[in-house]
Amino acid sequence: LVKQADRTQLTVGNTVTYTVRLVNSGPSNATGIEVTDLLPAGIVFDEATPSVGTYNSTTGKWLLSALASGSEAVLTIRATVTRAGAFVNTAEVTASGLTDPDSSPGNGVPTEDDQASVTVTVQEDISIAARIIQLGVQVNALVASGDLSRQQGDLLNALLGAALRFHRDGNNRAAIGTMNVF
């Protein structure tokens, strides 16, 4: 089992595409295969395309009824990152109707060939945070110059504070919506 990401350095709001390759090295055909690949919190499922079988994004289960000896199956998962941090995404064969001579399905041992992980690092979208902070500085300057009252400044700073909290929580839509009210 091999797991890859199309890129490992992202910014909040970017899309990442994971690819899982499952190879049956034989000598027999495999049946009743289940691969578990559940996305971590902070990465939101968009769509999946399995070359064989079905994928359930809620359970993270990729189910394949059979895979012939010497064959490969590929699962592609596209997702959106919603917050900053380092996220490990692991795929593992969790069931198989055929005994694997060199690994045990579902045992969580990362050194076996039936489990693979990839880490993506997500940075905050500096441009949104920087814009919010810059607007706060401008509001305070307008209050100091008397062009805005203290009450007006407090109201605008409260909106900017809410937008910044939404952004830091990974909810950029709410942050931008709040800024549009501004």
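Helices H2 and H3 run roughly antiparallel to each other, a label for angles over 145 degrees. The model is a predicted one, where local features need pLDDT of at least 70 and side-chain atom pairs count only at pLDDT 80 or more, while totals for chains, interfaces and linings use all residues. Numbering starts from 1 along each chain as its sequence is written, and side-chain values use heavy atoms, with hydrogens and water left out.

The two helices (DSSP runs of H or I, at least four residues, numbered from the N terminus) compare like this:

| H2 | 150-168 | Leu159, Ala162, Ala163, Phe166, His167 |
| H3 | 172-181 | Asn172, Ala174, Ala175, Thr178, Met179, Val181 |

Contact here means heavy atoms within 4.5 Å. By class, this contact has 8 nonpolar, 3 polar and no charged residues. The packing angle is about 165°, and the axes sit 7 Å apart; axes are lines fitted to C-alpha atoms over the stretch in contact, with angles from 0 to 180 degrees between N-to-C directions.

Now for Asp114, in the loop between strands E9 (85-95) and E10 (115-123). Asp114 counts as buried because its relative accessibility is 2%, with buried meaning under 20% relative accessible area (1.4 Å probe, protein chains only). Its C-alpha is 5.7 Å from that of Glu92, 22 residues apart along the chain. Leaving out residues up to four places away in sequence, Asp114 touches partners including Leu1, Glu92 and Pro105.

On confidence, pLDDT (the predictor's confidence in each residue, from 0 to 100) averages 91 for the protein. H3 has the lowest mean, 82, and strand E6 the highest, 98.

Terms used
Parallel < 35°, antiparallel > 145°, perpendicular 65-115°, else oblique. Nonpolar A, V, L, I, M, F, W, Y, C, P; charged D, E, K, R; others polar. Buried < 20%, exposed > 50% of the residue type's maximum accessible area, 1.4 Å probe, protein only.
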